[in-house]
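Hello,

Here is the structure I promised to hand over. Please open it alongside these notes, which follow below.

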Amino acid sequence: VSGPQTIDAQVVKDAMARVCRDFTELVAPLGFRRSNSRSRYWERRTDRLVYVIYFHRSGSSYGAPISYGVDIRVHFSLKNADGTPFGGEQLDSSSLRDSNGRAYHLRFRAETWSMYERCLEDLLRVTREHGVPWFERHGT
């Protein structure tokens, strides 16, 4: 009988860093820039507003990871150009569906990279299909 699996937290951390780097390249044509090289936060600035995309990794606020699964929830929000909150509303990916009624696949396995490409593609799709239109509706 084997005991519980020991999770190498560095593997999960490195996987999260890679998905953030790769997402940075994908959203650059949409005008988004990563706030710094280690963040999970992207922004697009206008004269009045800052459009914000933020990645939350499930379980990240509870210490060491309990599995190699990287499960991402995407948050879309707005700030005033001076950094103060704008309206307080935000949109998160947890309940969003694509045009066929399917959930976006925003997870992959850090130790095997299984489903990584699909996750990365769906991170961009949810941004294009829901995030950008939400920014346009709420930021006018």
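Leucine 78 is buried, because its relative accessible area is 6%, under the 20% cut-off. Please keep in mind that this is a predicted model. Leucine 78 sits in strand E4, which covers residues 69-80. Leaving out residues up to four places away in sequence, leucine 78 touches Val50, Tyr51, Pro85, Phe86, Trp134, Phe135, His138 and Gly139. Arginine 107 is 29 residues from leucine 78 in sequence, and the two C-alpha atoms are 25 Å apart in space.

E4 runs antiparallel to strand E5 (residues 85-92), and four bridges join the two.

Phenylalanine 86 belongs to E5.

**The nonpolar core**

The largest nonpolar core holds 34 residues. Those with the most contacts inside it are Val19, Ile53, Phe55, Ile72, Val74 and Leu123. Helix H1 (9-27), E3, E4 and helix H2 (116-138) are the elements that give two or more residues to this core. H2 supplies the largest share, eight residues.

Take phenylalanine 55 as a way in. Not counting residues up to four places away in sequence, phenylalanine 55 touches Met16, Cys20, Phe23, Arg40, Trp42, Ile72, Arg73, Val74 and Leu123.

Histidine 56 is in strand E3 (residues 49-57). What is the relative accessible area of histidine 56? The value is 17%, so histidine 56 is buried. With residues up to four places away in sequence left out, histidine 56 touches Arg40, Asp71, Ile72, Arg73 and His75.

**The second largest pocket**

This pocket has a volume of about 190 Å³. Its lining consists of Ser58, Asp71, Ile72, Arg73, Ser93, Ser94, Leu96, Arg97, Ala103, Tyr104, Leu106 and Arg107. Which strand gives the largest share of the lining? E4 does, with three residues. By class, five lining residues are nonpolar, three are polar and four are charged.

Most residues other than glycine have a negative phi.

- Tryptophan 113 has a positive phi of about 65°, although it is not a glycine. Its place is in the loop between strand E6 (107-109) and H2. Tryptophan 113 counts as partly exposed, at 30% relative accessibility.
- Methionine 115 has a positive phi of about 75°, and it is not a glycine either. Methionine 115 lies in the loop between E6 and H2. At 36% relative accessibility, methionine 115 counts as partly exposed.

Best wishes

Definitions and conventions: Residues numbered from 1 in each chain as written. Predicted model: local features only at pLDDT ≥ 70, side-chain atom pairs only at ≥ 80, totals over all residues. Heavy atoms only, no water. 1 Å grid on protein atoms, 1.4 Å probe; cavity = no way out; pocket = protein on both sides within 12 Å on 5 of 7 lines; lining within 4 Å. Points joined across faces, edges and corners; volume = space filled by probe spheres on them. Nonpolar A, V, L, I, M, F, W, Y, C, P; charged D, E, K, R; others polar. Pairing = 2+ DSSP bridges. Buried < 20%, exposed > 50% of the residue type's maximum accessible area, 1.4 Å probe, protein only. Contact = heavy atoms within 4.5 Å. Core = buried A, V, L, I, M, F, W, Y, C linked by side-chain atoms within 4.5 Å.
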